[in-house]
Amino acid sequence: MDLQEVMNTTIHPSCLQEPPLAFDVIKQLDVFGLALYSMLTLMSTVSLGLYLEECVFIYRKTPYPKKTTVIWVNGAAPVIATMSCFGMWIPKAVMFTDMVSNCYFAVVVYKFLVLLIEECGGSVAFLRRCETTTFRINTGPCCCCCPCLPHVAVTRRTLFLLKLGSLQYAILKTILSVLSVILWTNGNFDQSDLEITSTAIWINPFVGVLTITALWPVAIIFMNICNTLRILKIIPKYAMYQLVLVLSQLQTSIINILALDGTIACAPPFSSQARASMLSQQLMIMEMFIVTLVTRILYRRTYDPLPTDPHETDNDLNSKKSLQPILSPTQHAV
């Protein structure tokens with residue numbers, strides 16, 4: 001018996017099939033599986049509900065245009081959790097749900113950069129606050145190992161280039177995601193096809209370069225103004241943004257690689273790749289649920305704008321308030 005015959009007799013036919021239909025997924029669920037799917041669906045529903053309530057609060061309490069930026073950034077985890085829930089119940093729709101999640105997060109990368117500027121009072125206030133300083137650009141993910149890079153003066157042109165670096169990702173990532181789905185429906189896009197003639201082997205590395213290029217401007221602005229925005233809890237906000245990036249992009253890629261390597265075995269009616277996708281969706285729902293709760297604490301609040309003096313801190317403001325004269329009762333009456 002040759003190797004091909006051995007493979008034919010040991011590999012289950014379902015391991016070579018496409019992802020199952022939603023009805024087949026529901027039919028093969030046992031009590032534990034049904035409880036797990038129900039709990040994960042509840043988590044994604046609660047995440048979406050909390051986000052919608054938060055949108056109403058931010059819309060009422062936050063001035064324009066900052067409120068639209070906050071709503072966009074804050075919606076990353078709930079949107080990914082909701083799309084992961086759809087992908088968990090309907091495995092054949094994973095390409096579409098991943099497309100929506102990727103397109104949304106691509107916009108979030110740009111919106112977070114805009115949020116950093118808006119927290120400083122807008123582009124004009126940002127330039128006025130940073131006009132006497134220079135930005136160091138040897139930050140991750142591009143040039144963290146290049147300390148010899150010179151500091152750059154903060155001008156309108158510099159700010160425009162930083163915005164453009166993140167905006168290109170929002171545009172090109174969306175175009176490439178839609179193109180990948182179109183090619184997939186025609187049978188020309190397959191993540192498991194590693195041949196040089198495969199479209200996936202060309203699109204995915206290009207998207208990786210776009211991602212690194214887009215993250216760099218955000219990191220540059222954050223690293224140079226994080227101390228200024230510390231009172232607005234910008235560090236934990238940035239940490240949550242980075243966590244969503246790692247979980248939605250890097251974690252999914254690692255799981256897909258493990259499926260291609262055969263580390264994640266098939267489990268009928270799921271093939272190896274379909275099972276890896278299912279595990280990725282389930283993990284994503286739980287992780288995004290926790291991120292949603294944390295971001296709700298960080299963003300669902302009102303706060304005063306930053307002081308006009310870039311070197312003024314909370315202690316300075318408190319000392320100023322303590323030095324204000326206390327009015328006498330007769331002065332209050334007047």
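A residue counts as buried when its relative accessible area is under 20%, as exposed when it is over 50%, and as partly exposed in between (1.4 Å probe, protein chains only). Welcome to a predicted model, in which local features need pLDDT of at least 70 and side-chain atom pairs count only at pLDDT 80 or more, while totals for chains, interfaces and linings use all residues. Residues are numbered from 1 along each chain as its sequence is written, and side-chain values use heavy atoms, with hydrogens and water left out.

**View 1**
Let us start with an overview. The protein chain has 334 residues, and 43% of them count as buried. Helices (H or I, at least four residues) and strands (E, at least two) are DSSP runs numbered from the N terminus. Contact means heavy atoms within 4.5 Å. Among the contacts in the protein chain with a separation of 6 or more, 77% join residues 24 or more positions apart.

**View 2. Phe105, a buried residue of helix H6.**
Here we look at Phe105, which has its place in helix H6. Is Phe105 buried or exposed? Phe105 is buried, because its relative accessible area is 2%. Setting aside neighbours within four places in sequence, Phe105 is in contact with Ala76, Tyr241, Val244, Leu245 and Gln249. Trp72 lies 33 residues from Phe105 along the chain, and the C-alpha atoms of the two are separated by 9.2 Å.

**View 3. Thr97, another residue of helix H6.**
Staying with H6, which spans residues 94-119, we find Thr97. Thr97 has a relative accessible area of 5%, so Thr97 is buried. Which residues does Thr97 touch, not counting those up to four places away in sequence? Thr97 touches Met83, Phe86 and Gly87.

**View 4. Helix H6 beside helix H9.**
Two packed helices are described by the angle between their axes and the distance between the axes. Axes are lines fitted to C-alpha atoms, for helices over the stretch in contact, and angles run from 0 to 180 degrees between N-to-C directions. H6 and helix H9 (residues 200-225) pack at about 20°, and their axes are 10 Å apart. H6 and H9 are therefore roughly parallel to each other; angles under 35 degrees count as roughly parallel, over 145 as roughly antiparallel, 65 to 115 as roughly perpendicular and the rest as oblique. The crossing of H6 and H9 is left-handed, a term for a near helix turned anticlockwise from the far one by less than a right angle, with right-handed used if clockwise. On the H6 side, the contact is made by Val109, Phe112, Leu113, Leu116 and Ile117, and on the H9 side by Ala214, Leu215, Pro217, Val218, Ile221, Phe222 and Ile225. By class, this contact of H6 with H9 has 12 nonpolar, no polar and no charged residues (Ala, Val, Leu, Ile, Met, Phe, Trp, Tyr, Cys and Pro count as nonpolar, Asp, Glu, Lys and Arg as charged, and the others, Gly among them, as polar).

**View 5. Helix H6 beside helix H11.**
H6 also packs with helix H11 (residues 272-299), at an angle of about 30° and with axes 14 Å apart. That angle makes H6 roughly parallel to H11. H6 passes H11 in a left-handed crossing. Val94, Asp98, Phe112 and Leu115 of H6 make the contact with Ser277, Gln281 and Tyr299 of H11. The residues of this contact of H6 with H11 divide into 4 nonpolar, 2 polar and 1 charged.

**View 6. Where helix H4 meets helix H5.**
Now for another pair. Helix H4 (residues 66-74) and helix H5 (residues 76-89) pack at about 40°, with axes 5 Å apart. H4 and H5 are therefore oblique to each other. Trp72, Val73 and Asn74 in H4 meet Ala76, Ala77 and Pro78 in H5. The contact of H4 with H5 is made up of 5 nonpolar, 1 polar and no charged residues.

**View 7. Trp184, a partly exposed residue of helix H8.**
Trp184 is found in helix H8 (residues 156-185). With a relative accessible area of 32%, Trp184 is partly exposed. Not counting residues up to four places away in sequence, Trp184 touches Lys92, Met95, Phe96 and Phe189. From Trp184 to Thr199 is 15 residues in sequence and 9.7 Å in space, C-alpha to C-alpha.

**View 8. Two buried cysteines, Cys55 and Cys130.**
How many disulfides are there? The count comes to 0, where a disulfide is a pair of cysteine sulfur atoms within 2.5 Å. For Cys130, the closest cysteine sulfur is in Cys120, 6.1 Å away and so too far for a bond. Cys130 has a relative accessible area of 5% and is therefore buried. Cys55 also counts as buried, at 14% relative accessibility.
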